[in-house]
Amino acid sequence: MAGGEVDWTVIVLTCQHKDSVFAFQKELEIRRDRGSLGRQPILLTVEDPKGQVGSGGATLNALLVAAEHLSARAGYTVVTSDVLQKAWILILHMGRDFLFDDCSRAFTCLPLEEPAAPAEALTCNLDSLLATLMHQVCRGSPPGVWVSSTDMLLTVPIMTEIDWHGFQGVRVIAVPGSISYARQHGVYLADTQGVVQDIFYQSPEDQIRQCVGPDGKVPLVCGVVFFSSEAAEQLLATHVIPPLDACTYLGLDSGAPAIQLSLFFDILLCMAQGVSEEAFVKGQRPGMGSGDNVQAAGSERSARSVLWKALHAVPLTMAYIPEGCYDYMTMSASDHIRHLTPHPGNARSKAFRKVAHSHVAEPQLLAEGCSVTNSLLEGAVKVGPGSVIQHCRLKGPLEIHTGCLLTGLDVASSVALRSYLLRDVVVQGHTVRLRGIPCKVFTLSGHHDDWQSMAEEGGTYLNRPWSEFFLRTGIRSHDLWSPDIPSSRRCLLNARLFPVLHASEPLGVGDVLWLVGSPLSPPGAEQLQRWRTSWRMSWEELKGSLDQEAELAARRATFFLQAQSKTKRVLMEHSNCSLLPLIRSAALEGYHKAMLETLDQVASMAKDPGVAARSLACIADLLGCLAKGEGGLRSGPAANAAWAQAFQHLEKGDILEGVKELAKERKKWLDRPVLLVRAARHYEGAEQILVRQAVMSSCQFISLRLATLPPMGRWLRAACPARIDLSGGWSDTPPITYEHGGAVVDLAVLVDGHRPIGAQARRIAEPELRLISRSGRLEGEMVVELVCRDLEDLRDYCQPHAPGALLKAALICTHIVDLASQNSLQDQLMEHFGGGFELRTWSRLPHGSGLGTSSILAGAVMASLYQASGHSTSVESLIHAVLHLEQVLTTGGGWQDQVGGLVPGLKIGRSKPQLPLKVEVEQITVPEGFIHTLNEHLLLLYTGKTRLARNLLQDVLRNWYARLPTIVQNASALVNNAEECAQALRQGNLALLGKCMNHYWLQKKNMAPGCEPLAVRRMMEVLQPHVYGQSMAGAGGGGFLYVLTKEPRNQEALQRILMETEGLGNFSIHTVEVDTAGFQIQLLEEDWEP
């Protein structure tokens, strides 16, 4: 644990109301499932034994409940304090009801977004506090019990370090504050060693000045305390001693009368070194508990006496965080609005967003200094500076001026809001349950109102004196307060202002807004009468009827409603915003059906196949999330016959019907994790169909010219170099290449003096297709020989692992064979060519070499077949023809390999972020003699490891469609590095070229983690001092490593170094030369064997 973030064993949330326990327990469980609470802590939501046990009583009760659960888990049948020895326990107190948020200060939403969070969600004060405690304040603490209130906004520096060496006892956390602020809060008096001498609360200024530290600030009580395991055991032991037993549910269940204890002024104060026993037990201090009668006061003195004896010897020290910031969440609307809006220079609000988790149709109408959180604003909704909107659905035209707080309002409220001047007002919609009946109640107050100020002693309503309000509206004092409330207690809190039910008409926000008054609609007798005849409640009465479970559910519904809008916007606008965190939340919180419907809608409506494909990929992610890590790997087959009809629609270009069929079939696969994963694979298969169709747009850049058929039996031979990708690879891969844009620097090379890849074709008299493929020399040659005499022999062309699949696909793509024709294969061959064809291919490179073998081979095959069938074409057309072939073959893949092997020398290929996909190639001009220099410094090392590019490709495409920020940033870095690499070549700068190669390898590893086998890492580590740069060729994972040596012709030295390194396996070193001639088609005079 030392130095690391806390991994909680138990988290306890205390709350006042029994009805709220289930709702808040669910909130904790959701956060655990999101991964924000560490590794599966025990989660407990505990109702305070009685409403007035105080923070101290609530702490003792929560500690008892936590110890009970830990004892039970450890196999004990009674509570034992031993379980505290190795536990990290967090107790969070929700405290009292809050005027401005029905779900308490803890669940007040902040205008924040966390793009890096694994699951997208609203950020509540509780979430912010949990993160601050886990990652900063509690970091490195020993086992024990942390206690924190949730009624404050706490900010501490990221690098906060608290010294726990030699710690014993109890430690309080303090942050700096001004003397003026401390007048209304608690403050610690500590000596120079940090030992707490006293705790003051709302004390006179001269007393507070005793606490001023060297920085001129006073250490504020910020509500966070740590009890060591030993101290927690001593506190727990008091729960069986009367009258402290009355603070726990056990004591109350035994009939003990409740008492009130303060955590700070009862439990902690007894440990302060400057407090005497007599003064403590008497309890004559602000903030200390005091009963309403003599018996209660006597019980509390007895309780303090017990606490003194049990805890006074426990050391109490203070940890002061100099840059920390503490803001208590007061009953002031102006304070609350200030807490939720950004202010220049305020560290706490620096990360605040003007728009957080909201859909705003016209964001330009939002002034600086306002905030909109978890809301949907349709149409022209204008929001002034210093105004806050939360959990609302509003429709313009509507103007909210400065200083307003609007929460919980629905679309129906918009009409009424338009009729009034909204400035410096607080309008809230509350979800309540009255005698079991759910309903919505609206409250209205002023920005500057003090809810506790007496009406006859300067109190205000709607920012004006009560007398002005009475005069303007016709309302009288007796309408608001019953005679049994004396004038000395009459205030806004207990004024029955807010209509709840009416005998004959539904109520809405207009039934409180009329109290504001409007130039367009001055208050009339009819409104007053309607108000008087309504059942009305004060805030004090209303708070007991708040339905916090329903309110949290309503907020969640609003969140996912705006999430659906966000999903549509992100997909339709081709945004690089990742939807995966939102997808995870929908799966976790039961909103997957709504999200699936939204994604279906976008996919079916999209005219752009790229948008539809990404939508289907998002559905695959959502299905995978619903499986919750069970059901097997995401990568797998996607050819179940049940999905065939949907796939057929997509293959025909009928996206609408295809998406409908997919959704129809999907419903049958949602029952179990294994079915969900299989369904996800088929959605990825559907997505790949659309990617293929998008890439097929490149066919328009293939142009053929008729040529004379070569003589029967004469070979057309194409021999090609391999390619080395110097930078930019992966940016050429669909859909990245047409959604982001790509740039790759490639080098055409001879390996050990040879062009290692080639194909040759010739016409033969027999109406058949003879296919012979030879591959591999380093790991042993493999030969495949096939004779195709029937169309059925070619129908497995789209199965990449079928024998001769690439050659069969090439025969189809060059239109030598038409599988859809009614004519037999023999008839087609005789009719068009007077016979059949023999096609031979070869590669001297091992499978998975990373040198672009399959794509370059495809180019050679296509070139030789075009010529043999009486056509000629350009290299540019061949590049796009190979793209087409690989989509037909269903292997996918980008364009860099064929660019590298078909275009001679050094070049950079580029594609724009658009469809149709077009590849443009620029030859790179280098200084005279640089090609020779490059030949002397560039080497290939065969690692002996086989590359599994297929798996790497699937992972990369899945991450791209999820728009993981690291992948999007890396795609841009790849393109930028390619341009820098091209510049290094133009300059003839080996050192800069090596730097680009090293960057490229890091970028490849970011794109496809797992592409660096251990043996390769060892190889690169020992070579690093001797090279300018190095990288695995292609996708990595195996195959060839290429290095740019510091010394020329350094093959023997590197061979010795590698031979002396253990664990490298069967490697070999090969020379390379830049091929400046490139591939050529030759008509051979005689039979030729490669």
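Modeller: Before we talk charge, a convention: Lys and Arg count as positive and Asp and Glu as negative, while His and the chain ends are not counted. Keep in mind that this is a predicted model.

Colleague: Got it. How many positive and negative side chains does the protein have, and how far apart do the centres of the two sets lie?

Modeller: There are 98 positive side chains and 113 negative ones. The centres of those two sets lie 2 Å apart.

Colleague: And the overall build? How many helices and strands are there?

Modeller: The protein has 36 helices and 44 strands. Its C-alpha atoms fill a box of roughly 120 × 75 × 60 Å along the principal axes. The accessible surface is about 43600 Å², and carbon and sulfur atoms hold 51% of that.

Colleague: How do I read burial, say for H649: buried or exposed?

Modeller: The cut-off is the thing to know: buried means under 20% relative accessible area. H649 counts as buried because its relative accessibility is 18%. H649 sits in helix α22, residues 644-651, and beyond its sequence neighbours up to four places away it touches D654, E657, G658 and E661. Across the protein, 58% of the 1090 residues count as buried.

Colleague: Which residues have the most contacts inside the largest nonpolar core?

Modeller: Those are I724, L726 and L769, in a core of 114 residues. A second, separate core has 110 residues, including C109, L220, F226 and A620. Back in the largest core, take I724: among the residues I724 touches are V745, L851, L938 and V1072.

How values were computed. Residues numbered from 1 in each chain as written. Predicted model: local features only at pLDDT ≥ 70, side-chain atom pairs only at ≥ 80, totals over all residues. Heavy atoms only, no water. Helix = DSSP H or I, 4+ residues; strand = E, 2+ residues; numbered from the N terminus. Buried < 20%, exposed > 50% of the residue type's maximum accessible area, 1.4 Å probe, protein only. Contact = heavy atoms within 4.5 Å. Areas by Shrake-Rupley, 256 points an atom, 1.4 Å probe, with all protein chains shown as cover. Charge placed at Lys NZ, Arg CZ, Asp CG, Glu CD. Core = buried A, V, L, I, M, F, W, Y, C linked by side-chain atoms within 4.5 Å.
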